[in-house]
Amino acid sequence: EADVGIATSWETAYPLRDWQSCWLKAYFVQDYEPDFFSKSSYAMFAEQTYRFGFIGLTAGGWLASTLKNQYGMQTYPFGFSYDKALYRTDTLRRKTRRLFYYARPPTPRRGFELGLLVLEKVAQAMPAVEIVTAGWDLSSFALSFKHKDLGTLALSELPDLYNSCDVCLVISLTNMSLMPLELFACGCTVVSNRLPCVTWCLDDTVAELAETEPEALTKACIKMLSDD
C-alpha cells in the first residue's frame, strides 16, 4: 500500500493504473512520448496514458498546456535548471571559431539528419570553423565535412567542452533538452529550432532560433559564428 504512486514513463503508467492500493496517482511526464514512435500501436499506447486521470507533473509549460488542453489532465509544470556546481564560465576560448553539435543518431527527436545537413552547409560557407560533435560515436558514419568526433563524454568533461565552443546547435523535436541551460551557464551561444516545444523556455532574447529546416538553421549558425 502507498499514499502516492508516480509513473515516470508510458510503460510504467499501465501498472500504476491497475494498482489498487494507492490513494493518489501522479505522472512525471518528461516528454511527449507518443512522438517517440511513428503512427503505431506503441504511439497509441503512449498517448492513452494521458487519459488515465493521473495528476501530471510536467517538465515545463509546453507539456503542461498540451496535456491539459488535449487530454484534460490536471497538470503542474516545473522549470528547467542546471547543476551550478558543474557548469560555469571560464576562459577556455580559442582563436578559431568552434561550432559544437549535440549528435544523437539513435534518438530521432534530436534531428540527427537535419543537423548533419546544417553542418555540411556551414562547413562549405565557413571552412575555417572547427566543427565538434559529441553525444554518440560517429566513427561509422561517412560524413562529408571535416569534424572532430568526441563520442560519448562523461558529465565532468562537458563544462570544458562547452567553454571551448562559441556556438552550439541543439535540435529538439519534442520537449526541449536541458542542454541549452547548461550551455548558457558556460557562456556558449545556442542555436535551436523554433517549435512550441522549444519556445516555452527559449526565446529570441536568449538564443538564436530558426525554423526547423536546413537553410534557416544554417543561416542562424553562420550569423552567430560571424558575430563577435
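Visitor: What volume does the second largest pocket have, and which residues are closest to its centre?
Guide: In this predicted model, the second largest pocket has a volume of about 180 Å³. Ten residues line this pocket, and the closest to its centre are Asp 166, Thr 189, Met 224, Asp 227 and Asp 228.

Visitor: Why do Asp 166, Asp 227 and Asp 228 count as lining residues of that pocket?
Guide: A lining residue has an atom within 4 Å of a pocket point. Asp 166, Asp 227 and Asp 228 are among the ten residues listed for the lining, so each of them has such an atom.

Visitor: How does that lining divide by class?
Guide: The lining of the second largest pocket has five charged, three nonpolar and two polar residues.

Visitor: What makes up the lining of the largest pocket?
Guide: The largest pocket has a volume of about 570 Å³. Of its 28 lining residues, the closest to the centre are Tyr 102, Ser 177, Leu 178, Met 179 and Glu 182. Strand S5 (98-102), helix H5 (158-163) and helix H6 (179-185) each supply at least two lining residues. By class there are 15 nonpolar, eight polar and five charged residues.

Methods
Residues numbered from 1 in each chain as written. Predicted model: local features only at pLDDT ≥ 70, side-chain atom pairs only at ≥ 80, totals over all residues. Heavy atoms only, no water. 1 Å grid on protein atoms, 1.4 Å probe; cavity = no way out; pocket = protein on both sides within 12 Å on 5 of 7 lines; lining within 4 Å. Points joined across faces, edges and corners; volume = space filled by probe spheres on them. Helix = DSSP H or I, 4+ residues; strand = E, 2+ residues; numbered from the N terminus. Nonpolar A, V, L, I, M, F, W, Y, C, P; charged D, E, K, R; others polar.
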